[in-house]
Amino acid sequence: MDRINYKHLHYFWHVARAGSVTRAAGQLNVSMQTISGQITKLEQQLGRSLFRQQGRGLALTEAGRLALDYADRIFLLGEELETALADPLLDQTLRLAAGISDVVPKGIASRLLRPALRTNGRLRLSCGEGDFDELIGELGRHRLDLVLADRPVASGEQQQFQSWPLLRCPVQLLAAPELHARCQAGFPASLEQAPLLLPSRDNVLRRQLEHWFDANGVRPDLVGEFDDHALMETFARQGLGLLPAPVSPDGEADHPGLLPLGALDGVWEHYYVTASRRKLQHPALQAILQAWT
């Protein structure tokens with residue numbers, strides 16, 4: 001197959017998003033015949049029909065839906081490129097793409113990244129959130145400069161990546177006011193059958209929490225498990241359960257609407273930064289390491 005003609009693909013993209021050749025022709029200020037001809041050439045090149053007739057309009061075929069998914073990414077990235085290159089301060093701007101594991105509390109993430117914002121010159125920070133393994137994949141494809149998570153990279157990946165421990169925080173239980181009033185007296189015995197929210201079973205902290213409850217002879221009522229810390233905190237704020245959360249290293253209040261119930265002695269949350277060995281000299285990464293290690 002010959003290389004895709006991106007002009008043809010661009011016409012297809014506009015028709016698929018507009019829902020009709022007529023609307024796309026108006027948007028592009030070209031004739032309907034021109035657009036129809038370009039799409040026909042694209043279909044011939046691909047060997048697939050991208051549209052099918054549906055009443056008086058057009059509907060995407062399965063091949064068309066797949067092509068639209070790729071075209072979305074191609075042309076939206078192109079628009080981002082145009083925006084980035086139009087920046088008059090481009091040559092004076094340092095860019096940092098950070099991936100934040102969804103188990104890392106937002107307040108902790110902002111503190112860990114704060115030294116990068118103090119680097120000399122102008123910094124353009126972009127943050128994305130997701131599953132740790134997915135973020136490491138993005139790091140390997142050089143779409144991210146670093147990943148913040150509750151774990152280091154696995155030993156089998158240390159040839160490509162390097163991890164550093166940044167922060168170690170004691171863990172406490174937090175509660176909405178009404179639940180706090182019910183459980184405050186007699187802590188930790190008061191936790192017996194108290195509603196509890198926990199991170200999912202593959203979370204590093206989960207094993208520590210379960211060991212702490214066993215060691216203290218209490219059996220809370222597990223009412224929810226979460227991959228995402230922010231979502232877990234939202235449920236806790238609504239009074240649906242107790243929330244295990246790290247104590248802020250600088251004493252700042254990170255959990256509005258929640259009150260500290262008690263410390264979980266011996267339970268610690270650890271946070272790491274991981275970067276590709278090709279980007280170890282990134283000034284923002286170096287600023288983070290100098291501040292936290």
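Reply: Contact here means heavy atoms within 4.5 Å. By that rule, 21 residues of domain 2 touch 17 residues of domain 3. Keep in mind that this is a predicted model, where local features need pLDDT of at least 70, side-chain atom pairs count only at pLDDT 80 or more, and totals for chains, interfaces and linings use all residues. Numbering runs from 1 along each chain as its sequence is written, and side-chain values use heavy atoms, with hydrogens and water left out.

The bounds come from an automatic or database domain assignment: domain 2 is 93-165 + 270-289, and domain 3 is 166-267. Their centres, over C-alpha atoms, sit 27 Å apart.

Now the area. Together they bury about 1,500 Å² (accessible area, 1.4 Å probe, lost on putting the two parts together and summed over both), with 54% from carbon and sulfur atoms. On the domain 2 side, Arg111, His270 and Tyr271 supply 33% of the area buried against domain 3, more than any other three residues.

As for polar links, there are five residue pairs in polar contact, both at pLDDT 80 or more. That term means N or O atoms within 3.5 Å, one able to donate a hydrogen and the other to accept it; sequence neighbours count only if both atoms are side-chain atoms. Salt bridges (Lys or Arg side-chain nitrogen within 4 Å of an Asp or Glu carboxyl oxygen) come to zero.

Among the elements giving two or more residues to the domain 2 side are α5 (106-117) and β10 (259-276); α5 has the largest share, six residues. Helices (H or I, at least four residues) and strands (E, at least two) are DSSP runs, numbered from the N terminus.
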